[in-house]
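Thanks, everyone. Please look at the structure first.

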Amino acid sequence: MIMDLLFNGKIFPCESVVSQSYDYIKASEDVIRLSADLSSRLSDQDKKLLSDILDNALIIQGCQEEEHFRYAFSLGMLLMHEICNMRYFKTDE
């Protein structure tokens, strides 16, 4: 049951869902290639600066993903609440 998996910490949406789209894979490969190319041109001090920038960009991205997840989950719960409270048949009451 989903509640058991959730309670026992066996569901990790942020780690389980990885896009398999062409655009995602291509962009990932480009980032690796471009990073290696840029890194070969930088001084050690500039490499450290770039690494710090990228680390902080990942933190920002993770925060955004968490907020998107929270928003989507809340929206889904509101939708389920609305669906459960819909009346499909008119009553005389």
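The largest pocket holds about 360 Å³ of space. Keep in mind that this is a predicted model. Its lining is made up of Pro 13, Cys 14, Val 17, Val 18, Ser 19, Tyr 24, Leu 58, Gln 61, Gly 62, Glu 65, Glu 66 and Phe 69. Two elements give two or more residues each to that lining, helix 2 and helix 4, the latter spanning 44–84. Helix 4 has the largest share, with six residues. By class, the lining of the largest pocket has seven nonpolar residues, three polar and two charged.

Next, the second largest pocket. How much space lies in it? About 170 Å³. The residues around the second largest pocket are Ile 2, Met 3, Leu 6, Ile 11, Pro 13, Phe 69 and Phe 73. Here helix 1 and helix 4 each supply at least two residues, and the largest share, three residues, is from helix 1. The lining of the second largest pocket counts seven nonpolar residues, with no polar and no charged ones. Pro 13 and Phe 69 are on the list for the largest pocket and again on the list for the second largest pocket.

Now the surface. Met 1, Ile 2, Met 3, Leu 5, Leu 6 and Ile 11 make a nonpolar patch of about 640 Å². Where does Ile 11 sit? In the loop between helix 1, residues 2–7, and helix 2, residues 13–16. Patch residues need over 30% relative accessible area, and Ile 11, partly exposed at 31%, therefore passes that cut-off. Ile 11 also lines the second largest pocket, as do Ile 2, Met 3 and Leu 6.

Note on methods
Residues numbered from 1 in each chain as written. Predicted model: local features only at pLDDT ≥ 70, side-chain atom pairs only at ≥ 80, totals over all residues. Heavy atoms only, no water. Patch = residues over 30% accessible without salt bridge, like charges linked within 9 Å, V, L, I, M, F, W, Y side chains within 5 Å. Areas by Shrake-Rupley, 256 points an atom, 1.4 Å probe, with all protein chains shown as cover. Salt bridge = Lys/Arg side-chain N within 4 Å of Asp/Glu carboxyl O. Helix = DSSP H or I, 4+ residues; strand = E, 2+ residues; numbered from the N terminus. Buried < 20%, exposed > 50% of the residue type's maximum accessible area, 1.4 Å probe, protein only. 1 Å grid on protein atoms, 1.4 Å probe; cavity = no way out; pocket = protein on both sides within 12 Å on 5 of 7 lines; lining within 4 Å. Points joined across faces, edges and corners; volume = space filled by probe spheres on them. Nonpolar A, V, L, I, M, F, W, Y, C, P; charged D, E, K, R; others polar.
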